[in-house]
Amino acid sequence: MGDARNVVDEFRYWTVDAIRAELDRRRGDGPWLHVAIENWAHDLNIGSVVRTANAFNAAGVHIVGRRKWNRRGAMVTEKYLHLHHHPDAEALAAWAGERELAVVGIDNLPGSRPLEEYEFPRDVVLLFGQESTGLTAEAQAAAEAVVHITQRGSTRSLNAGAAGAIAMFAWAQQHR
């Protein structure tokens, strides 16, 4: 019996392995989008980013730091993705470097570049820090660039899940 959970009609009742294989086939030779989540304490946000990564057919999702997370927010979409774990940002950067993937941090740090003015590399790992503290110094050092989402209101930052969706959409707009 195949999967009937949170899948589009086309994939209804396909096996998890068959869905994952079809998504890999569609991705072909790229462009390659990977998403990395550094040390997040808010499990629902991790699930939201994982679910969004699936919607954009990311080649992989990388959990940096804490290995354990509550998968409920992902709505089973993590089963169709390639999940990776890295003990720290340095290990993620080494993994990305071996595959010629640029690491781009997403955070509203002083000196970061506006997302709407940034040309994302074709093959990339978008690295998100924890909602309350942002990217660690180690993650900032691992990133070739840090970009921020321009905000016009009074709040200091966006919800991490929302920021992930905006950044993935911006990359996808540039690399259809």
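**From loops to cores**

Asn 57 sits in the loop between helix H2 (43-55) and strand E2 (60-64); helices (H or I, at least four residues) and strands (E, at least two) are DSSP runs, numbered from the N terminus. This is a predicted model, in which local features need pLDDT of at least 70, side-chain atom pairs count only at pLDDT 80 or more, and totals for chains, interfaces and linings use all residues. Residues are numbered from 1 along each chain as its sequence is written, and side-chain values use heavy atoms, with hydrogens and water left out.

Most residues other than glycine have a negative phi, and most peptide bonds are trans. Asn 57 is not a glycine, yet its phi is positive, about 50°. With 18% relative accessibility, Asn 57 counts as buried (buried is under 20% relative accessible area, exposed over 50%, partly exposed in between; 1.4 Å probe, protein chains only). Tyr 13 also has a positive phi, near 75°. Tyr 13 lies in the segment before H1.

Now take H1 itself. Its 12 residues, at 1.5 Å a residue, should span 16 Å, and the end C-alpha atoms are 17 Å apart, which agrees. The expected span is 1.5 Å times one less than the number of residues. Which residues of H1 are buried? They are Val 16, Ile 19, Glu 22, Leu 23 and Arg 27. These residues cover an arc of only 140° around the axis, so they lie on the same side of H1. The arc is taken from the directions that run from the helix axis to the C-beta atoms. Asp 17 and Arg 25, on the other side of H1, are exposed.

Gly 28 follows H1 with a positive phi, near 50°. Further on, the peptide bond from Gly 30 to Pro 31 is cis, with omega near 15°. Pro 31 belongs to the loop between helix H1 (16-27) and strand E1 (33-38).

Next, the packing. A nonpolar core is a set of buried Ala, Val, Leu, Ile, Met, Phe, Trp, Tyr and Cys residues joined through side-chain atoms within 4.5 Å. The largest has 28 residues, and Leu 33, Val 35, Val 104, Ile 106, Phe 120 and Leu 126 touch the most other members. Elements that give two or more residues to this core include E1, H2, E2 and strand E4 (102-106). H5 gives the most, six residues.

Phe 120 shows the packing around one member. Beyond its neighbours within four places in sequence, its contacts (heavy atoms within 4.5 Å) include Val 104, Ile 106, Leu 126 and Trp 171. A second, separate core has 14 residues, among them Ala 96, Leu 101, Leu 127 and Leu 135.
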